[in-house]
Amino acid sequence: MCRRVLINVLIVAFCSGILQAEVCKIDMKECVFHFEVEHRLTMMRGKTLVFPHGGNVFAYDVNDTSTAEPIPHDQVITADGWENPRLVSVVNGQFPGPNIIVFEGQQIVVHVKNKLNSHGVTIHWHGLHQVDTPWMDGVPFVTQCPILPGQSFTYRFKASPKGTFWWHSHAGAQRTMGVYGAFIIKERTETTTEDLIMQITDWNHDMDSDTDHAKMIYGVYDGRKKWNPSQSLDSSFFSMLLIHSLLINGRGRYYQENNIDHNGAPLTVYNVKSGNKYRFRVIGTGALYPFRISIDSHTLTVVASDGYDLKPVEAESFVINPGERFDFEITANQPVGNYWIRGITLEKGRYRRADAILRYETATASDPKTNRQQCTAAKTCLVLNCPFTYYPEAYTECVTFDQLKSAVNDDPAPVFEPGMSKEYFLNWAFPGVKPYPGSVNGHPGSVNGRDFHTPDVNPLLQPKEWSSPCKSPECGDDRHCLCTHALEIGGGDTIQMILMNMGMGKGWSHPIHMHGHSFYVLKMGYGNYNSSTGAIQGDNSDIDCRGPVTDPNKSFCNNATWRDAAWLNGRVPGLELNNPPRKDTIIVPTGGYVVIRIKADNPGLWNMHCHIELHSMDGMLMLLNESFTEIPSAPKGFPDCHSYPPSPYRMNLISKAEEHQQGNGIMVSYDFI
């Protein structure tokens, strides 16, 4: 059970000795938090190696676990219990990092100290729009310079909107190294429903995430045996990421190939009381794989996604992708006991599972004996947020996200008005060719064939010091180029985007995350599937990829449009305009598309990228350059950065500074540049 103590202005809840959350009191106007980012090792208590057994951990030299005293779980980062320690990056010594719970409208201050030896870091506040504070979005070389080893940086922003969000490093592969945690913004209303936080991730207990990325590029081998990537249930492919297990709130178990025998590592336990209602806030923190979430013998009522309320839908399970969040409620109405909470990947022929325990008050502290719901003709299993239309299991039905409705009736989609609206087709894909000399990756990620060229400055504040435009013919039809891809939007225009996953580079269904906005989901179009096997057979026919290559399976699909010209300018049939759900992360299905809209009313330089870590590191991202001249001024002394030698623009500033200072007989200083 949990106990709560007051520490200064923070209420800290400890559950079974684990620091669960830092909660800002409701009457506080400003909430201050401190993050220290550093390296730790799994399966170590200080300098002592530990091993798992029977849901506990013991010192390495214990021979008889029946008589030995277990080590408290909170003193060890167990992950999946693999006994060879693995390097992780953590905040305040915790894996995952501290969960932050605040109230809507509070001013948030987070002091970050980088204690890593070899890596810069930033913190992104995933899902928060950062209205009037775009320089606090936490994206290196887009909205700020990385916080270098030994440096500190203070984030200041308003907690808005309400809902389930999270924070994570946006530098390289640090997110899946462990630099992440929940960020919950609560309404100032009374509720008797208790919140429970669930963060689910995939896990490789041998390699850190940088090694994972390098192996995706150069090849994955298990000893002398080449490792083949998994197929999704729709017969498309996942990227080359070898995982061993899945974790819930940083805990899981390593299973043998029979999926029965495991190492007995500790699991996350959720304690409940009979008759009470609970709200699970589930966050997809993983690197690659989608997970199907369920609780044995309990119906899930899905009530929100990415911070926005949905009309409640009862389901047996739902699918969550990296970057997404789903809130669901359950009532503890089953016999007292222990029940499995399950998260399984959508892999074909490979069964990976995340385990946690729902434990009723007075139940024994033991593993559950329960089973998943049997899907039958009389009781079908409803799966929400499928990345395809056919679930290849008997008596199992898919509900795609665009079939869900917003819970409110006063938040319609922005109107598409002539002269005040724009439409963009964006294809997120791996066309499969070397895009430029010196590329080591034969199939880099791209958006409309544009592999993102990361600046070496902070372009939000140093726009004249970086230029890498996407020019023709290098970035034309069926071409691949390296450039800093950005859409210029603003002026309060309605922006309609068609996010696609089509052409020769389709596959690897992409969860696309937009910074600075929560978009309206108006329609989803899916590929053509075999209705018996669920296998993808071809692209959706609504889209015309155009270009010189007529075969859609060989086209890059860099310059797409609607096949029916009558659909242009917002006239797509079947759009949900009255009660569209809102999200900041949406799955773009293989062979399909998603129609979304935003109102361009939040000046900033916003990242938009695939939230599969391997893909974004590989160049599958772009920028929204929104009303740049209206961006608020950054705080005084906000850091800038640059390479050496500096850009011509900076060199010109330096020359002028030297002339000005020397002309006045003053020692030259470049502090103001």
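Predicted model: local features only at pLDDT ≥ 70, side-chain atom pairs only at ≥ 80, totals over all residues.
Start with the disulfide between cysteine 386 and cysteine 398. The torsion about its S-S bond is about -85°, so this disulfide is left-handed. Cysteine 386 sits in the loop between strand 30 and strand 31, and cysteine 398 in strand 31, so the pair ties together parts twelve residues apart in sequence. The sulfurs are 2.3 Å apart.

How many disulfides does a search of the whole structure find? Seven. Here are two others.

Cysteine 470 pairs with cysteine 483, S to S 2.0 Å. The torsion there is about 90°, so that disulfide is right-handed. Cysteine 470 is in the loop between strand 34 and strand 35; cysteine 483 is in strand 35. Buried or exposed? Cysteine 470 is partly exposed at 26% relative accessible area. Cysteine 483 is buried at 0%.

Next, cysteine 545 and cysteine 557, with sulfur atoms 2.0 Å apart. The torsion is about -85°, so this one is left-handed. Both cysteines lie in the loop between strand 42 and strand 43, twelve residues apart. Cysteine 545 is buried at 8% relative accessibility, and cysteine 557 at 0%. Cysteine 610 is in no disulfide; its nearest cysteine sulfur, on cysteine 557, is 17 Å away. Cysteine 610 is buried too, at 0%.

Now confidence. Mean pLDDT for the protein chain is 91, and 94% of residues reach 70 or more. Residues 433-440 stay under 50, with 16 contacts beyond four places in sequence. Residues 667-673 are also below 50, with 15 contacts beyond near neighbours.

Terms used:
Residues numbered from 1 in each chain as written. Heavy atoms only, no water. pLDDT = per-residue confidence, 0-100. Contact = heavy atoms within 4.5 Å. Disulfide = S-S within 2.5 Å. Helix = DSSP H or I, 4+ residues; strand = E, 2+ residues; numbered from the N terminus. Buried < 20%, exposed > 50% of the residue type's maximum accessible area, 1.4 Å probe, protein only.
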